[in-house]
Amino acid sequence: MAHSVAEIAAAIGAEAVGDTSISITGAAEPAQAGPADIALALKPEFAAGLSAGAAQAAMLWPGAEWESLGLKAAIFAPRGRLAMAGLTRMLDPGQGYGAGVHASAVIDPSARLGADVSVAPQAVIGAGATIGARSVIGPGVYVGAGAEIGEDAILHAHVRIGARARIGARFIAQPGATIGFDGTSFVTEEASNVEQARSTLGEVAESRAQAWVRIHSLGGVVIGDDVELGANTCVDAGTIRPTQVGNGTKIDNLCMVGHNVVIGDHCFFASMVGIAGSTRIGNHVVLGGQVGVSDNITIGDNVVAGGGTGIISKVPAGRVVMGYPAVKMETHLEMYKALRRLPRLMEQVAALQKAVSKADGSE
Amino acid sequence: MAHSVAEIAAAIGAEAVGDTSISITGAAEPAQAGPADIALALKPEFAAGLSAGAAQAAMLWPGAEWESLGLKAAIFAPRGRLAMAGLTRMLDPGQGYGAGVHASAVIDPSARLGADVSVAPQAVIGAGATIGARSVIGPGVYVGAGAEIGEDAILHAHVRIGARARIGARFIAQPGATIGFDGTSFVTEEASNVEQARSTLGEVAESRAQAWVRIHSLGGVVIGDDVELGANTCVDAGTIRPTQVGNGTKIDNLCMVGHNVVIGDHCFFASMVGIAGSTRIGNHVVLGGQVGVSDNITIGDNVVAGGGTGIISKVPAGRVVMGYPAVKMETHLEMYKALRRLPRLMEQVAALQKAVSKADGSE
Amino acid sequence: MAHSVAEIAAAIGAEAVGDTSISITGAAEPAQAGPADIALALKPEFAAGLSAGAAQAAMLWPGAEWESLGLKAAIFAPRGRLAMAGLTRMLDPGQGYGAGVHASAVIDPSARLGADVSVAPQAVIGAGATIGARSVIGPGVYVGAGAEIGEDAILHAHVRIGARARIGARFIAQPGATIGFDGTSFVTEEASNVEQARSTLGEVAESRAQAWVRIHSLGGVVIGDDVELGANTCVDAGTIRPTQVGNGTKIDNLCMVGHNVVIGDHCFFASMVGIAGSTRIGNHVVLGGQVGVSDNITIGDNVVAGGGTGIISKVPAGRVVMGYPAVKMETHLEMYKALRRLPRLMEQVAALQKAVSKADGSE
């Protein structure tokens with residue numbers, strides 16, 4: 001997959017200079033780049049590595065003096081990471097699962113596959129499932145009965161789509177992603193220990209030898225267009241209404257989206273985020289790694305939560321939160337600074353007590 | 001799968017009124033309900049949606065004036081979520097993996113399958129494995145050599161059961177659940193960095209270029225009856241004695257149960273809970289999402305831990321804990337309230353110091 | 001797989017006494033041991049169980065009076081857990097995936113398998129992949145196009161190796177481990193909410209309805225020799241340069257290693273550890289369960305972090321850290337002790353204020 005420097009620049013809408021006919025097959029850091037790689041030096045501090053590598057062409061910060069860096073060609077990228085998006089898309093050789101439908105795949109005769117759908121070895125597609133045109137069904141993938149998947153999807157190895165899940169166009173699911181299986185919803189015959197603890201804020205009156213009774217998940221999952229789910233991430237089916245993920249939302253590896261959760265459009269969750277059941281999350285919400293969100297609460301649009309934050313109550317739109325339990329970022333920093341000074345504060349109070357008691361002559 | 005209102009009421013032991021011959025095929029929230037759905041309005045505040053939907057029958061709170069809500073029939077559910085358990089079980093169409101043994105499944109001739117066991121495409125069952133009657137082995141599932149699984153199990157897509165695991169009746173495992181593979185147990189030739197840090201509370205005397213030596217897991221896993229494990233949840237094999245999960249315990253997605261852990265009966269763990277090696281957990285313990293429990297400690301019966309709690313030492317029976325490190329819930333709330341006021345406290349102490357120093361005429 | 005007591009002692013380099021010809025087929029705790037088991041009583045407090053069990057031979061602490069414990073033979077293990085490593089390796093019957101290449105496996109003709117590689121049912125090996133001699137490819141495993149795996153690897157059920165991953169010798173991957181698929185790297189056309197929040201420490205100026213643009217992962221993964229990855233653990237591909245895991249590093253279940261991360265040699269991560277993108281981790285680093293590490297930071301050699309620690313900035317070599325955000329362990333303990341006393345401190349300050357105000361006769 002070779003592209004000239006000129007083709008790359010045109011594709012990403014950037015300016016190219018020098019011998020733009022040079023053929024590029026890969027991208028590399030400056031010091032590791034070979035002659036067919038485009039070196040990435042998007043800031044001046046990365047330019048030093050160019051002399052150690054063998055790149056003829058580089059993607060540089062605007063205004064870089066490319067000729068003095070020993071290059072034959074350069075592309076200027078005003079917003080570097082955005083240019084990287086275009087560049088890496090052009091150069092990505094992909095997983096190469098292969099075209100066509102492999103003989104070992106098991107596809108129910110009632111399933112409907114769009115034009116140019118590929119199905120890799122050992123995949124299983126259930127009765128009545130619908131797969132949109134040009135979608136790639138990876139090795140060992142399971143698509144459940146009646147599931148609907150839009151056009152241009154990529155389901156990587158061992159993805160599992162539960163029965164009747166509805167998924168939009170251009171869906172990407174990394175290996176082991178699990179969509180639309182049973183939510184974990186149980187009830188006890190009488191009030192359970194956790195219900196007691198919640199209502200009394202801390203007392204469990206008596207040991208209760210109760211069994212958990214299962215609430216089945218009938219609500220399924222509805223996922224919008226342009227969604228990406230990471231490896232081993234789970235989106236559980238809703239109980240009565242569907243669990244929902246909005247258009248353009250990206251969720252990293254090992255995340256958990258509980259039953260009945262509603263996630264808006266264009267959110268971004270880093271890895272290991274957990275959203276407990278029935279919580280509603282707005283649009284453009286960004287959650288850092290290992291963030292946890294309690295059940296049955298609401299997170300407004302544009303909320304940002306730092307890594308490891310534990311959100312246990314409603315967060316209004318636009319707020320940036322941190323800590324466990326989550327508070328406004330500036331409050332968290334203030335509390336934390338004070339906590340670090342706390343041992344010294346205790347000494348100061350002890351000294352004051354002594355001084356006051358002496359002054360008093362009493363106590 | 002249609003049921004009359006009368007049949008549903010009888011099955012869940014609830015009172016039905018009106019035209020109880022109406023045929024029901026699904027359940028829905030009031031505003032989304034069609035004429036063949038039973039609408040769920042278990043509290044008065046949900047009744048408003050009924051007029052927007054087309055339900056003829058609803059499940060209502062005790063005492064609801066069903067006729068004035070425009071319904072033709074109603075079921076009264078005294079403990080609503082318990083009624084939902086019965087209702088959703090009746091209406092669940094399931095994953096539909098199909099009956100019989102699929103031709104693509106690979107079953108060792110020495111494996112023994114009970115009556116009416118179904119095996120979906122691409123599943124693998126190892127030598128000497130035993131599967132109880134009526135169990136469902138989903139697509140791509142792996143059951144290891146010598147594993148024993150009880151009657152009426154459902155192993156969803158891509159579940160993996162390690163060699164010689166012993167599992168009771170009515171076991172449910174969601175996709176990617178992994179039971180009975182190697183625990184992560186390593187040792188160094190000399191005391192490791194972490195052993196030094198534990199013994200000195202903070203000092204690692206010297207860089208030690210030691211390799212980790214693997215301790216193999218011979219102890220296997222023993223799981224009781226009526227256990228459910230979530231998607232991608234892991235229960236590791238024990239080292240010498242088995243890792244154990246008691247009867248009726250339910251564990252959500254993406255949880256980790258380490259080697260040698262013993263979990264009692266009827267526990268409930270929300271998603272992303274991690275239990276480190278050799279810890280013992282009593283009966284009826286409830287752990288919120290993302291709770292972590294250290295290795296080699298004991299959690300008593302009926303303990304409840306809030307989401308995100310980090311339990312690093314023994315917790316007595318019946319206690320409700322929160323925080324990191326975990327403390328009693330009321331202690332946590334008190335500490336947290338004080339922490340929020342801490343910046344103001346620091347100002348107060350500074351003012352006091354000034355006042356006392358002035359009064360002293362000294363310092 | 002029977003071994004005499006003498007053979008076991010010789011293999012682990014320990015001293016054996018008594019009738020060392022006794023044949024051993026398993027290991028057990030003292031009270032559960034049968035006559036063909038070696039009982040493990042590595043400390044005096046475990047010896048009591050021996051009389052309840054039927055062991056003829058035991059592995060004991062140095063100096064134990066084995067004959068008075070009713071044993072016919074004993075092995076003395078100076079560093080007990082190290083002896084257990086040797087013992088359990090000898091006695092481990094393994095998963096038993098079977099020898100040879102199963103007929104249901106799908107292996108691209110251009111893949112190269114070394115001598116005595118076994119491939120279990122339903123596995124898939126892509127074009128140009130290379131598997132070293134004696135490696136075991138488990139049931140349903142996927143090895144991507146052009147991936148290279150060294151000698152003596154064990155890939156357990158449903159492991160997925162992405163295209164072009166390069167992995168050293170003696171690699172062990174537990175079920176569902178996912179290596180070398182796309183990192184989660186996105187960029188917005190304009191500065192995103194999270195970029196705004198980072199630069200202003202808390203303010204998101206305006207709602208921005210921006211879509212996330214995908215940066216593809218071209219950098220792959222490079223894994224050293226003697227690495228073990230736990231069940232459902234993910235190591236994402238790098239963007240331009242490879243994500244790296246050094247020799248001898250062991251990572252437990254459900255961990256996340258982000259794109260571009262570099263991990264040194266002989267590290268040990270407990271389960272549910274998350275390392276965000278582009279972070280560098282030194283050699284011999286030990287991270288407890290559920291530890292999170294922010295992106296783009298550096299962790300020095302020999303660092304130890306307690307379970308649940310949230311590391312958000314650089315940690316120098318040799319430091320033992322704890323807490324969220326992580327601080328030195330002794331600082332954490334001091335802060336935490338102070339926090340526990342904080343409610344009392346507030347009362348003391350209130351009393352002081354009263355005393356000072358009375359003394360002043362003012363305020």
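This is a predicted model: local features need pLDDT of at least 70, side-chain atom pairs count only at pLDDT 80 or more; totals for chains, interfaces and linings use all residues.
How many residues does the contact take from chain B, and how many from chain A?

**View 1. The interface of chain B and chain A.** The contact takes 71 residues from chain B and 80 residues from chain A. Together, chain B and chain A bury about 6,100 Å² between them, and 63% of that area lies on carbon and sulfur atoms. On the chain B side, the residues that lose the most area to chain A are B:Arg79, B:Gln95 and B:Gln122, which together give 10% of what that side buries. The size of an interface is often given as the accessible area lost when the parts come together.

**View 2. A salt bridge between chain B and chain A.** Side chains of opposite charge can pair when their charged atoms come close. Between chain B and chain A, the count is 2 salt bridges. In one salt bridge between these chains, B:Glu29 pairs with A:Arg241, and the closest N and O atoms are 2.8 Å apart.

**View 3. The interface of chain C and chain B.** Here 72 residues of chain C are in contact with 80 residues of chain B. The area buried between chain C and chain B is about 6,100 Å², with carbon and sulfur atoms giving 63% of it. Across this interface the rule finds 2 salt bridges. The side chains of C:Glu29 and B:Arg241 meet in a salt bridge, with a distance of 2.8 Å from N to O.

**View 4. A salt bridge within chain A.** Over all chains, the structure holds 18 salt bridges. One pair is formed by the side chains of A:Asp152 and A:Arg134, at 2.8 Å from N to O. This pair links distant parts of the chain, 18 residues apart. A:Asp152 lies in the loop between β15 (148-149) and β16 (154-155) of chain A, whereas A:Arg134 lies in the loop between β12 (130-131) and β13 (136-137) of chain A.

**View 5. Two packed helices in chain A.** Two packed helices are described by the angle between their axes and the distance between the axes. In chain A, the axes of helix α1 (residues 5-12) and helix α2 (residues 80-91) come within 9 Å and cross at roughly 125 degrees. Because of this angle, α1(A) is oblique to α2(A). The crossing of α1(A) and α2(A) is right-handed. From α1(A), the residues A:Glu7, A:Ile8, A:Ala11 and A:Ile12 meet A:Ala83, A:Gly86, A:Leu87 and A:Met90 in α2(A). By class, the contact of α1(A) with α2(A) has 6 nonpolar, 1 polar and 1 charged residues.

**View 6. Two packed helices in chain C.** Helix α1 (residues 5-12) and helix α2 (residues 80-91) of chain C pack at an angle of about 125 degrees, and their axes are 9 Å apart. The angle therefore makes α1(C) oblique to α2(C). The crossing of α1(C) and α2(C) is right-handed. The contact is made by C:Glu7, C:Ile8, C:Ala11 and C:Ile12 of α1(C), together with C:Ala83, C:Gly86, C:Leu87 and C:Met90 of α2(C).

**View 7. Backbone details in loops.** Most residues other than glycine have a negative phi, and most peptide bonds are trans. The peptide bond from A:Tyr324 to A:Pro325 is cis, with omega near 0 degrees, and A:Pro325 is placed in the loop between β38 (320-322) and β39 (327-328) of chain A. In chain C, a cis peptide bond joins C:Tyr324 and C:Pro325. A:Leu254 is not a glycine, yet has a positive phi of about 55 degrees; A:Leu254 is found in the loop between β27 (250-251) and β28 (256-257) of chain A.

Conventions. Residues are numbered from 1 along each chain as its sequence is written. Chains are lettered from A and ligands numbered from 1 in the order in which they are written. Side-chain values use heavy atoms; hydrogens and water are left out. Axes are lines fitted to C-alpha atoms, for helices over the stretch in contact, and angles run from 0 to 180 degrees between N-to-C directions. Helices (H or I, at least four residues) and strands (E, at least two) are DSSP runs, numbered from the N terminus. Angles under 35 degrees count as roughly parallel, over 145 as roughly antiparallel, 65 to 115 as roughly perpendicular and the rest as oblique. A crossing is left-handed if the near helix is turned anticlockwise from the far one by less than a right angle, and right-handed if clockwise. Contact means heavy atoms within 4.5 Å. Ala, Val, Leu, Ile, Met, Phe, Trp, Tyr, Cys and Pro count as nonpolar, Asp, Glu, Lys and Arg as charged, and the others, Gly among them, as polar. Buried area is the accessible area (1.4 Å probe) that two parts lose on being put together, summed over both. A salt bridge is a side-chain nitrogen of Lys or Arg within 4 Å of a carboxyl oxygen of Asp or Glu.
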